Amino acid sequence: MANAIRALAMDAVEQAKSGHPGLPMGAADVATVLFTRFLKFDAADPAWPDRDRFVLSAGHGSMLLYALFYLLGYERMTIAEIKRFRQLGSLTPGHPEHGHTPGVETTTGPLGQGLANAVGMAIAERHLAALFGDDMVDHHTYVLASDGDLMEGISQEASALAGHLKLNKLIVLHDDNGISIDGPLTLADSVDQVKRFEAAGWAARRIDGHDPAAIAAAIAAAQQSDRPSLIACRTTIGFGAPTKGGTEKAHGSALGADEIAAARQRLGWSAPAFEIPAAILEQWRAAGARGRPARLAWQARLAASDPQHHAEFERRMRGELNVMFAAEVRAVKAKLAQAPKAIATRSASESALGPLTAALPEMIGGSADLTGSNNTRPKGMTVLDAADYAGRFIHYGVREHGMAAAMNGMALHGGVIPYSGTFLVFSDYCRPAIRLAALMGQRVILVMTHDSIGLGEDGPTHQPVEQLAALRAIPNLKVFRPCDAVETLECWQLALESNNGPSVLALTRQNLPQLRQGFDEHNRCALGAYELVAAEDDSAVVSLFATGSEVAIAVAAKALLAGHKISARVVSVPCFELLLAAPQAKRAAVIGSARVNIAVEAGIRQGWDAIIGSDGTFVGMTGFGASGPYQELYQHFGITAAKVVAAALARLSKP
Ligand SMILES: Cc1ncc(C[n+]2csc(CCOP(=O)(O)OP(=O)(O)O)c2C)c(N)n1
């Protein structure tokens, strides 16, 4: 049965003339034992909520997954798709893509991410089991991780977090083949992975990854463990390939016709390319249907459970918000209208989180060791840890990358909406995971506070300058930068409603006035930008655009311009992405047609031309910040109402 995986991997890579045969051939025995004897799944229903998750963290070995899906009888994975490996529009892209190929639990390829996603999946599993009971939620998360996955720094954050949280249903199979692209691992690595994982609180052992009995015994033992498990499976990369097997030559290119013929002989595999002998295919298909009784029994338990409990579970798994949510947003807004608050947007976020997390029990908060600074733990939210998986706040430790990747896994698992906290400048430490959340269209919400030079004394290492632009460059990521407490609430609402992609909330450390007065049921941030303060008449000659803390500066500048008899309007731009996605007419109406467009943002200009035009004026940062009280920094870097007025006057004095 394992040779069927090997043959398909060799043939598909050969036909595509690109791809990675080495991993599928080497890990075929491990995968065969796992899928035919342990993994709880049903090929007929790849999305069944209580299935075990299997994450191929080493995404370059995608043919392992595709071969398994075909052999096991996943409906859409036909032999025609295997033959179209790596072709445009096929179900068999170069690296596994979640949402594209049924059965792919997460998009992998960037090494280390899948392993860290799996930690999030295992957290979500324990959490939901604590809430809904083992009858509804009780599954394992398996990972196949390569040497490269374990060399990546993110694997340290992920393994340490998993060990700390005692995620005993997480089982990592390490494809311990000692080979990477450059050659033997000894060129660059001498870590004892078993000791390393043991040190992080895992159960770890080494086995022969080509011995089915040893593989089965190790998985069976791991299932009983009170800790997460690492099984280092010693394998031969490209197992069966006579000259390239065991070397980096099997890693990432087609083996060639002669090598494949010789490998077939060595493996005793005489079937022609892409053909699986009927008896072997039958065995595989039987394995694919093995989990059907378990799935049906689960469905029966679900149907027999308390109707409210059942409905709530299904709502959460569908990712639908409940009716209380909209009511809470309205209530908080009404309060802010009655009693305006001049507070930092990070504090406004905390105030919003109280009622929002009360309305939405699926929200799971956290912070990378900056809880008191990010304000992401509303009062009363208990900690999720090994002693209480029902808690809802995760102390991720100083592990921004692991946090962001774990959140992706939680969102992929379903049933929870994860949100996190760190400083905006450390979005760089999360970026690879944010990018994948965007690519996969996952709803994760990253609260990123201390969002400009406005953080003051911590100085340029901590002051984001290019991060807003860099985040805005990621497709399908919404970057929100609200200007006051009302916008903060509206941006939270939009982020929670964005169930097809991630959001960043860039929030201030410093207090800001509440600019939105009165009660407006409509979410004005929904268009991405709106006219916050209109010109006195219809003929504004200056449009002032700003985000976050600089909106108040634009409002002050408008008042000063009025003193110069210059009519100006202020447009708040809490979200570029929503504005740029709006219909042309609406966008044009918000941007307007004043003679002079000026943008104010305590970041770099990049990206603003789409709104103010290349001839617009930008008041912001051109280099790194400095350490000092924030009011002095705004003066020092010229981000003031007076500078905005001067810029407007200079522009208007030109013909
Ligand atoms: C973050 C990241 N860096 C680099 C790569 C490119 N890359 C793909 S596989 C690989 C290493 C291959 O070694 P290993 O992980 O042991 O896999 P094997 O050769 O055993 O299949 C590298 C560097 C990547 N996919 N992701």
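Predicted model: local features only at pLDDT ≥ 70, side-chain atom pairs only at ≥ 80, totals over all residues.
Helix H22 covers residues 550–563, and helix H27 covers residues 641–653. Their axes come within 8 Å and cross at roughly 55°. On the side of H22, the contact is made by Ile-553, Ala-556, Ala-557, Leu-560 and Leu-561. On the side of H27, Ala-641, Ala-642, Val-644, Val-645 and Ala-648 take part. By class, this contact has ten nonpolar residues, with no polar and no charged ones.

Let me turn to the largest nonpolar core. This core has 69 residues, of which Ile-123, Leu-167 and Leu-170 touch the most other members. Helix H6, residues 113–132, gives the most to the core, with eleven residues. As a general remark, nonpolar side chains tend to be buried together in soluble globular proteins.

What does Leu-170 touch, leaving aside residues up to four places away in sequence? Its contacts are Ala-118, Val-119, Ala-122, Thr-141, Val-143, Ala-162, Trp-202, Pro-228 and Ser-229.

Finally, is Val-323 buried or exposed? This residue is found in helix H15, residues 323–338. Exposed means over 50% relative accessible area, so Val-323, at 73% relative accessibility, counts as exposed. From C-alpha to C-alpha, Val-323 lies 51 Å from Arg-206 in space, and the two are 117 residues apart in sequence.

Terms used
Residues numbered from 1 in each chain as written. Heavy atoms only, no water. Core = buried A, V, L, I, M, F, W, Y, C linked by side-chain atoms within 4.5 Å. Buried < 20%, exposed > 50% of the residue type's maximum accessible area, 1.4 Å probe, protein only. Helix = DSSP H or I, 4+ residues; strand = E, 2+ residues; numbered from the N terminus. Contact = heavy atoms within 4.5 Å. Axes fitted to C-alpha atoms, helices over the stretch in contact; angles between N-to-C directions. Nonpolar A, V, L, I, M, F, W, Y, C, P; charged D, E, K, R; others polar.
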